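Hi,

Here is the structure I said I'd pass on to you. Have a look at it first, and my notes on what turned up follow right below.

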Amino acid sequence: MSTPHSPSPSQPRPLSATDEHPPISPRRVTFDWAETPLLWIPDEPTATHVINVLHLLLPAGERWFVKVFKEALPLVRDERLLKDVKGFMGQEATHSVQHSYVLDHLAHQGLDTRPYTRHIDFLFTCLLGEKPPFGIPVPDQEWLRFRLSVIAAIEQFTAVLGDWVLDADGLDRAGPDPVMLDLLRWHGAEEVEHRAVAFDMYQHTGGEDPARYARRVLGMAVTAPVLLYLWGWGAAYLLRHDPQLATRSRYSLREHNRAVRKGLLPTWRALGAAIPRYLRRSYHPSQEGSLRTAVAYLASSPAARAASGAVGRAALS
């Protein structure tokens, strides 16, 4: 009989393509923001700031991913999955740091994001912390499994966004700042690279069906509307407080949809279709995106290449 804190022996081995993808490991990249303008997509404030919401959400969010996964590591009984999870944690910690530097860069240009990010910190540290909020009587194991299901649902969207940004020709045509575009595509490529890890982690530690599947549905039912709300709120905040705009701007669906038509933002259909795919019982995130495209970009990314060169030089010294 399985113990209540370990995966059931009847559970299938995680479905990740561990035999197909290269080892998942963090790349210690750096970016120089000295020449990056506040509106890094020229003449496109809405597209710029809708994408900039990533920088508002990810520093706290990806630190939270790492904390939750640390809690769950003792439950992992599959060595290949354990290696992938540790690589995932390293990548997410690096993402958090690099997006934090962008917030510093925005602040240096007069756009203070702290009134918004304080709410994001509260969400992840208090509402989704180690213990259920407000004394809600949820067993520790169930609370951990729920948070893992939320991470798996969030990673569904980051994989879709990562795949989109790698092929976003509209961004190239708009003449964006190359450093910001490299950050987004490096991050997007790593999201595609590790797209299955959070899902496999949840499947491995989430108990048996039908409860495991029901919790996966619940995780997405919570995640999708909360992300939509936070994204709209974040974009509105950035547009309203951008000091370089002549007048205080408002976020509008009309301007958002205009940016979508120009290929500067993903389509609503692409984002929405990710939800029913995820809810199929047979679904696995290895079906999302192109690992080949992601790996090819990581081989050509200026920041990733510089990080690889630094590692090589350190090894030879």
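The second largest pocket holds about 290 Å³ of space. Keep in mind that this is a predicted model. Around that pocket sit 20 lining residues, and the ones nearest its centre are Phe124, Ile154, Thr223, Leu227 and Leu230. Helix 1, helix 3 (114-127), helix 4 and helix 8 each give two or more residues to this lining. Sorted by class, the lining of the second largest pocket comes out as 16 nonpolar residues, three polar and one charged.

Now for the largest pocket, where the space comes to about 680 Å³. Its lining is made up of 31 residues, with Phe157, Leu161, Trp231, Pro266 and Leu271 lying nearest the centre. By class, the largest pocket is lined by 22 nonpolar, eight polar and one charged residues.

Next, a helix pair. As for handedness, helix 4 passes helix 6 in a left-handed crossing.

Which residues of helix 4 and helix 6 make the contact? On the helix 4 side they are Glu155, Thr158, Ala159, Gly162, Asp163, Val165 and Leu166. On the helix 6 side you'll find Leu184, Arg185, Gly188, Ala189, Glu191 and Val192. By class, this contact has six nonpolar, three polar and four charged residues.

Two bits of backbone are worth a click as well. The peptide bond running from Asp209 to Pro210 is cis, and its omega is near 10°. You'll come across Pro210 in the loop between helix 7 (197-205) and helix 8. The other one is Asp43, which isn't a glycine but has a positive phi, near 60°. Look for Asp43 in the segment before helix 1.

That's what I have so far.

Cheers

Terms used
Residues are numbered from 1 along each chain as its sequence is written. This is a predicted model: local features need pLDDT of at least 70, side-chain atom pairs count only at pLDDT 80 or more; totals for chains, interfaces and linings use all residues. Side-chain values use heavy atoms; hydrogens and water are left out. A crossing is left-handed if the near helix is turned anticlockwise from the far one by less than a right angle, and right-handed if clockwise. Helices (H or I, at least four residues) and strands (E, at least two) are DSSP runs, numbered from the N terminus. Contact means heavy atoms within 4.5 Å. Ala, Val, Leu, Ile, Met, Phe, Trp, Tyr, Cys and Pro count as nonpolar, Asp, Glu, Lys and Arg as charged, and the others, Gly among them, as polar. On a 1 Å grid over the protein atoms alone, a cavity is a set of points where a 1.4 Å probe fits but cannot get out, and a pocket is an open set with protein on both sides within 12 Å along at least five of seven lines; lining residues have an atom within 4 Å of a point. Grid points are joined across faces, edges and corners, and a volume is the space filled by probe spheres set on the points.
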